[in-house]
Amino acid sequence: MPASIALFTRDLRLRDNPVLTAAAREATEVVPLFVLDEEIVRRTRHAPNRLRFLLAALSELDDELRARGGRLVLRRGRTVDVVAQVAAEVGASAVHVAEDVSRYSQGRENALWERLSPTGCRVRTHAASITAVDPAEVKPDTGRGHYAIFTPYFRRWIETPMRRPLPAPDRLVVPAIASDPIPELGDLCADPASPGLSVGGEVTGRKLLAHWLSGPVYYYAERKDALAFEGTSRLSPYLHFGCLSPAEVVHRTDAATSGGHAFVRQVAWRDFHHQVLADRPEVATRDYRSESRSWVHEPDGLAAWQAGRTGYPVVDAAMRQLLAQGWMPGRARLIAASFLSKTLKVDWRLGAEHFERWLVDADLANNRMNWQWVAGTGTDTRSSRVLNPLRQADRYDPDGVYARRWLPELAHLPGADVHRPWRAGVPASTYPPPIVEFRGM
């Protein structure tokens with residue numbers, strides 16, 4: 001029987017992986033293939049955190065495959081060329097790949113079809129591998145290609161049947177075929193990763209998920225916006241790279257509790273952004289909603305924001321956490337994004353690009369659509385809202401714990417005083433004065 005190819009993309013896992021399950025079901029030999037695509041590597045050469053996480057995830061994936069008698073086959077090159085070459089080497093009858101929503105991934109699927117169909121090798125795409133629900137399954141009754149508002153989308157999404165999680169294959173037989181070694185970070189990127197970056201793959205992700213569901217998730221509704229707490233799951237990088245299945249995450253979460261329901265709602269937000277991008281892939285770079293808006297060329301303000309030197313501790317703490325860990329909580333992302341796009345009036349695309357350089361979970365759909373939501377060009381029904389960083393700090397970091405954690409030069413200021421260091425006479429040589437003014441100073 002001919003071999004089949006399981007082409008891993010953003011589904012770097014064995015459990016609940018429709019691509020791998022289908023490939024193993026239809027053939028006695030399977031090539032678990034990952035392609036380090038030249039174009040993607042070129043676009044992410046200044047994103048060391050994502051590349052470092054990817055390499056760790058590939059290493060764990062290879063370990064898991066070897067525990068089942070298989071191994072990961074890694075090749076470098078253009079995806080379509082590599083897959084065609086591997087298919088010819090093993091006489092593959094089919095290539096299985098997860099459906100994705102970006103313009104690049106859709107183009108990749110079409111290119112695979114065009115290249116392989118004349119050879120007799122089928123290309124089979126699998127929905128709901130990257131998302132919990134297939135974007136095509138949740139459509140409004142109006143005939144539009146996507147929901148533009150989250151609340152009605154969520155009502156339909158929560159009622160949509162999801163598959164039960166698929167088990168990992170017990171055994172895999174991989175044909176004799178050459179593989180490149182998993183590279184070191186320095187082979188792909190000259191920039192250093194964040195010093196406090198956490199990395200992992202399916203094994204690490206499943207341990208984190210088990211811990212999250214064992215107790216912390218029950219407090220998620222109350223703590224998710226409290227900056228001083230580690231009140232979020234930290235699972236987003238594992239979802240972005242597919243080390244965890246979003247469908248399995250939903251299946252294992254008790255949505256009958258307030259915390260579980262709030263957490264599942266966040267998974268739905270992820271799917272919501274994917275269904276928007278699936279229908280309108282151009283909004284990754286263009287405004288979703290046409291607005292008569294002019295962006296300001298503010299290089300000094302952009303640089304201060306990027307470095308965490310705006311003079312507003314809650315904003316600066318968020319940006320310094322980003323540089324240190326490659327991550328920050330959702331509330332901090334909203335505050336920082338609003339400051340750049342709504343207060344400084346800098347083009348949201350510049351903020352999205354900075355996040356994508358440093359965020360380990362910089363998912364195209366989530367990052368770009370969240371930035372548009374904050375900037376007022378996206379799906380927010382209150383496009384004029386501006387988040388005052390002082391009010392946000394008073395509400396979500398009332399004791400100043402988060403600010404002091406990331407701004408050691410202000411650690412001597414007690415309680416909420418840290419959020420208004422100008423009142424305490426902190427010199428500009430120690431911490432910069434605010435670059436703009438806000439009510440409540």
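## Strand β2, side by side

Look along β2 and you'll see Val 30, Pro 32, Phe 34 and Leu 36 pointing one way, with Val 31, Leu 33, Val 35 and Asp 37 pointing the other, and all of them buried (under 20% relative accessible area with a 1.4 Å probe, protein chains only; over 50% is exposed, and in between is partly exposed). Strands here are DSSP runs of E, at least two residues long, numbered from the N terminus.

This is a predicted model, where local features need pLDDT of at least 70, side-chain atom pairs count only at pLDDT 80 or more, and totals for chains, interfaces and linings use all residues. Residues are numbered from 1 along each chain as its sequence is written, and side-chain values use heavy atoms, leaving out hydrogens and water.

## Its neighbours

β2 pairs in the parallel sense with β1 (residues 4–8) over 5 bridges, and also with β3 (residues 73–77), again parallel over 5 bridges. Pairing takes at least two DSSP bridges between two strands. Phe 34 sits opposite Phe 8, and its bridge partner in β3 is Leu 74.

What does Phe 34 touch, leaving aside residues up to four places away in sequence? Its contacts (heavy atoms within 4.5 Å) include Phe 8, Leu 12, Leu 58 and Leu 74.

Phe 34 is also among the residues with the most contacts inside the largest nonpolar core, which has 66 residues. Such a core is a set of buried Ala, Val, Leu, Ile, Met, Phe, Trp, Tyr and Cys residues joined through side-chain atoms within 4.5 Å.

Key: Helix = DSSP H or I, 4+ residues; strand = E, 2+ residues; numbered from the N terminus.
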